[in-house]
Amino acid sequence: MTLSAAVEAHPLLPRIEQALDTIRPYLAADGGNVRVLDITPDMVLRLELLGACGTCPMSPMTLKAGVEESVKKAVPEIRAVEAVNLTPMSEQPAGQTGHPVSPTPVPTPQF
């Protein structure tokens, strides 16, 4: 999917891409990336999560704590960041069930 002419000509796009470029190495380290799809009239940045980011159970947190924070810090005009292909936390696999098990303590050597 390519950018629409309106998004490509948007005056904030270079600053948004620059902000995204600061976090892309971290996303790429885990096999992911993001692509700008739209900047709405009410200043919501719409992204597509690519690669591993599209299916990662941590993507909702990565989007909010990493991507959105970086973009809003660099481009305060952006009110929110949303991913069009993000699986909501309520629909994510449950992961660990039950209570976490405490690790077995390691004995302290006696000298």
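Predicted model: local features only at pLDDT ≥ 70, side-chain atom pairs only at ≥ 80, totals over all residues.
Visitor: Why is Arg24 called buried?

Guide: Its relative accessibility is 15%. Buried means under 20%, so Arg24 counts as buried.

Visitor: What makes Glu17 partly exposed?

Guide: The relative accessible area of Glu17 is 23%. Partly exposed lies between the buried limit of under 20% and the exposed limit of over 50%, so Glu17 belongs there.

Visitor: How do you know that Glu17 and Arg24 form a salt bridge?

Guide: The closest N and O atoms of Glu17 and Arg24 are 2.9 Å apart. A salt bridge needs a side-chain nitrogen of Lys or Arg within 4 Å of a carboxyl oxygen of Asp or Glu, so this pair qualifies. In general, side chains of opposite charge can pair when their charged atoms come close.

Visitor: What makes the pair of Arg24 and Asp21 a salt bridge?

Guide: For Arg24 and Asp21 the N to O distance is 2.6 Å. The limit is within 4 Å, so the pair counts as a salt bridge. Both residues lie in helix H2, residues 13-29, three residues apart, which is about one turn of the helix. Asp21 is partly exposed, because its relative accessibility of 44% falls between 20% and 50%.

Visitor: Why is Arg35 with Glu48 called a salt bridge?

Guide: The side chains of Arg35 and Glu48 meet at 2.4 Å, N to O. That is within 4 Å, so the name applies. This pair links distant parts of the chain, with Arg35 in strand S1 and Glu48 in strand S2, 13 residues apart. Arg35 has a relative accessibility of 28% and therefore counts as partly exposed. Elsewhere, salt bridges that share partners join Glu17, Asp21 and Arg24 into one network. The structure holds seven salt bridges.

Visitor: What makes the link between Glu48 and Arg35 a polar contact as well?

Guide: The side chains are joined at 2.4 Å.

Visitor: Why is Asp42 called partly exposed?

Guide: Asp42 has 41% relative accessibility, between 20% and 50%, so the label is partly exposed. Asp42 lies in the loop between S1 and S2, and a polar contact of 2.4 Å joins its side chain to that of Thr40. Asp42 and Glu77 are 35 residues apart in sequence and 9.7 Å apart in space, C-alpha to C-alpha.

Visitor: How many cavities of 30 Å³ or more does a search of the whole structure find?

Guide: The search finds two.

Visitor: How do you know which residues in the lining of the second largest cavity are nonpolar, polar or charged?

Guide: Leu27, Val34, Leu49, Cys53, Ser59, Thr62, Leu63 and Val67 line the cavity. Val, Leu and Cys count as nonpolar, and Asp, Glu, Lys and Arg as charged, with the others polar. The division is therefore six nonpolar, two polar and no charged. Helix H3, residues 59-74, gives the most to this lining, with four residues.

Note on methods. Residues numbered from 1 in each chain as written. Heavy atoms only, no water. Polar contact = N/O pair within 3.5 Å; in protein donor to acceptor, adjacent residues only side chain to side chain. 1 Å grid on protein atoms, 1.4 Å probe; cavity = no way out; pocket = protein on both sides within 12 Å on 5 of 7 lines; lining within 4 Å. Points joined across faces, edges and corners; volume = space filled by probe spheres on them. Helix = DSSP H or I, 4+ residues; strand = E, 2+ residues; numbered from the N terminus. Buried < 20%, exposed > 50% of the residue type's maximum accessible area, 1.4 Å probe, protein only.
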